[in-house]
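Today I am opening a new model and jotting down what I look up. Come along and follow the strands with me.

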Amino acid sequence: MIVALGVTITWYTSYWLPEENQKVVVDEHILNPDGETIVNIIMGSATPEQKDNYMPKTIQVQLTIDNRVIWKNVDEVPHTVTPDSYDPDEITDPYSGEFGSIGVLMPGDEYEFLFTKAPPNGAWVITYHCHPHPWMTGTIEVTKSRF
Ligand SMILES: [Cu+2]
């Protein structure tokens, strides 16, 4: 009886739960892109007079090419990567979930997000800012690979 229960639980956790948890099927080339996109949050970003903060401020990423994006706080103060929109439809990736850093990125911290969706034509455009320093703004344009 105990053995049967154990087998049942093993079967349930190995086969049933993973299927339940599987969010969406994404092409493995999108899950493992050739490269990545780095955005540095540069020194002095907390100063409103400084125009450059997220570097580069606008990034164009292509699925399967460089759709893994990493923000690196190379400044000496904490920053965030916070989407401008509150609409979950506009800022949620079907695979990776909601875009945006949870809390602040301390100096030296990184925030990574894998973008896996793009409209058939055009781009999925997400604009973002830093919560404590709202003059820090950036834009991400996600497109399908042209190849
Ligand atoms: Cu900031």
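I started with an open sheet in which four strands follow the order β2-β1-β4-β8, with mixed pairing. At its edges I found β2 (54-55) and β8 (110-114); each has a single partner strand, so one side of each is left without a neighbour in the sheet.

A note on terms: strands (E, at least two residues) are DSSP runs, numbered from the N terminus. Two strands pair if DSSP finds at least two bridges between them.

A note on the source: this is a predicted model, where local features need pLDDT of at least 70, side-chain atom pairs count only at pLDDT 80 or more, and totals for chains, interfaces and linings use all residues. Residues are numbered from 1 along each chain as its sequence is written.

Next I looked at β1 (residues 36-41), which pairs with β2 in the antiparallel sense over two bridges. Tyr54 in β2 is the bridge partner of Ile41.

Then I went on to the loops. Pro56 sits in the loop between β2 and β3 (58-62), and a cis peptide bond with omega of about -5 degrees joins Met55 and Pro56. Thr64 belongs to the loop between β3 and β4 (68-73). I noted its phi near 80 degrees, a positive value in a residue other than glycine.

Last, I checked another open sheet of four strands, ordered β3-β10-β9-β5 with mixed pairing. Its edge strands, β3 and β5 (82-83), each pair on one side only.
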